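Thanks for coming, everyone. I have one structure to walk through today. Please take a look at it before I start.

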Amino acid sequence: MVEEIEEKARVNRIEGAAGLELMEFLDKVDFPVLRSIFEDIAERSGVDVEALNVITSDRIAYYPSPVRTGPAAWYSAGENIITMRSDLIRERAQEKFHVPADIFALLILCHEEVHATSCVECRGLEMTEGEFRYKRERVGYHSEVWEKVGDTPALRRWFFHLLEEGVTERLGLEVFREYIRRTGFADKKTLIDFDKAVDEHKGEMVYDVPVQLVNALIMKISQEADIPEKAVWEAIVRGKYEGEDLTNPELRESFAEMIGPEFLDRLSRANSDEELRE
């Protein structure tokens with residue numbers, strides 16, 4: 001099964017110009033260096049280094065689609081594959097942010113690698129091949145549940161989705177900058193121009209509001225618990241990698257005392273920036 005998935009990823013990546021474009025980008029990425037950065041983060045946060053699931057180029061696939069909306073990349077927990085729409089990444093880099101496509105692709109890759117290296121669980125109750133009655137996937141803080149009864153369409157529910165994306169984006173930016181520092185993937189001027197472009201389009205970045213939430217959460221916990229923000233952030237990272245259960249009664253009680261009794265419930269159900277702002 002693993003061999004079939006890897007072959008599918010390899011074939012998809014080399015189909016068409018966009019597939020070749022992705023291959024050229026991946027050839028520039030030093031995956032051992034990328035792994036070493038994640039290992040350093042894991043050690044600082046007290047996480048088992050050996051368990052890190054850094055995805056290498058043989059498990060990164062190109063997805064051809066004429067649709068120009070939606071995500072430019074995603075991590076599939078069930079297949080353990082990162083998919084990148086390299087043509088869409090290039091378009092957004094050049095037309096929206098006016099930055100080099102490789103820099104934008106690296107930022108997106110780092111984000112998806114953070115997902116992949118998190119605590120991942122996949123559970124399901126299969127009815128027949130390709131059909132299910134219940135399936136649950138967990139990536140970091142985010143849980144996704146599918147439930148199907150009879151011939152009715154599957155009901156899909158997300159929990160702590162935007163918290164997971166906020167933590168992932170913040171950590172992904174740290175990995176991105178450290179990778180550039182270690183490898184010289186971009187020169188100083190290019191990085192300055194990139195930072196300027198991101199700052200100018202901050203409101204258009206997909207996970208800007210979730211990152212703001214995480215930053216505010218770190219500040220609030222630091223103030224209430226009287227511990228440094230750095231220690232709070234490392235604890236959040238550790239929870240993401242170890243699979244912290246946010247439904248734990250003791251944890252919920254702590255959040256209720258620090259922030260409010262309904263905070264975690266509202267955060268678990270929030271699926272839009274507007275819901276986070278409420």
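I'll go from the whole fold down to single residues.

Keep in mind that this is a predicted model. The protein has twelve helices and seven strands. Its accessible surface comes to about 14,900 Å². Carbon and sulfur atoms own 51% of that surface.

Now the inside. How much of the protein is buried? Of its 278 residues, 46% are. Then there are the contacts. Take those with a separation of 6 or more: 58% of them join residues 24 or more positions apart.

Next, the core. In general, nonpolar side chains in soluble globular proteins tend to be buried together. Here, the largest nonpolar core has 71 residues. Which residues have the most contacts inside it? They are F25, I60, M84, L163 and F176. Helix α5, residues 101-117, gives this core its largest share, eleven residues.

Let's zoom in on A73. You'll find A73 in strand β2, which covers residues 73-76. Is A73 buried or exposed? Its relative accessible area is 9%, and the cut-off for buried is under 20%, so A73 is buried. What does A73 touch, leaving aside neighbours within four places in sequence? The answer is T83, M84, I108 and E112. M84 we have met already, in that list of core residues with the most contacts. One more distance here: A73 and H111 sit 38 residues apart in sequence, yet 9.2 Å apart in space, C-alpha to C-alpha.

On to helix α6, residues 161-183. After α6 comes G184, with a positive phi, near 70°.

What does R170 lie over? The face of W233, at 4.3 Å from the ring centre.

Last topic, aromatics. How many aromatic pairs does the structure hold? Four. One of them is F255 with F263. This pair is stacked, with 6.0 Å centre to centre and 15° between the planes.

Happy to go back to any part.

Terms used: Residues are numbered from 1 along each chain as its sequence is written. This is a predicted model: local features need pLDDT of at least 70, side-chain atom pairs count only at pLDDT 80 or more; totals for chains, interfaces and linings use all residues. Side-chain values use heavy atoms; hydrogens and water are left out. Rings of Phe, Tyr and Trp (its six-membered ring) pair if their centres lie within 6.5 Å; planes under 30 degrees apart count as stacked, over 60 as edge-to-face and the rest as tilted. A charge sits over a ring if NZ of Lys or CZ of Arg is within 6 Å of the ring centre and within 35 degrees of the ring normal. Helices (H or I, at least four residues) and strands (E, at least two) are DSSP runs, numbered from the N terminus. The expected span of a helix is 1.5 Å times one less than its number of residues. Buried means under 20% relative accessible area, exposed over 50%, partly exposed in between (1.4 Å probe, protein chains only). Contact means heavy atoms within 4.5 Å. Accessible areas come from the Shrake-Rupley method with a 1.4 Å probe; for residues, only the protein chains shown count as cover. A nonpolar core is a set of buried Ala, Val, Leu, Ile, Met, Phe, Trp, Tyr and Cys residues joined through side-chain atoms within 4.5 Å.
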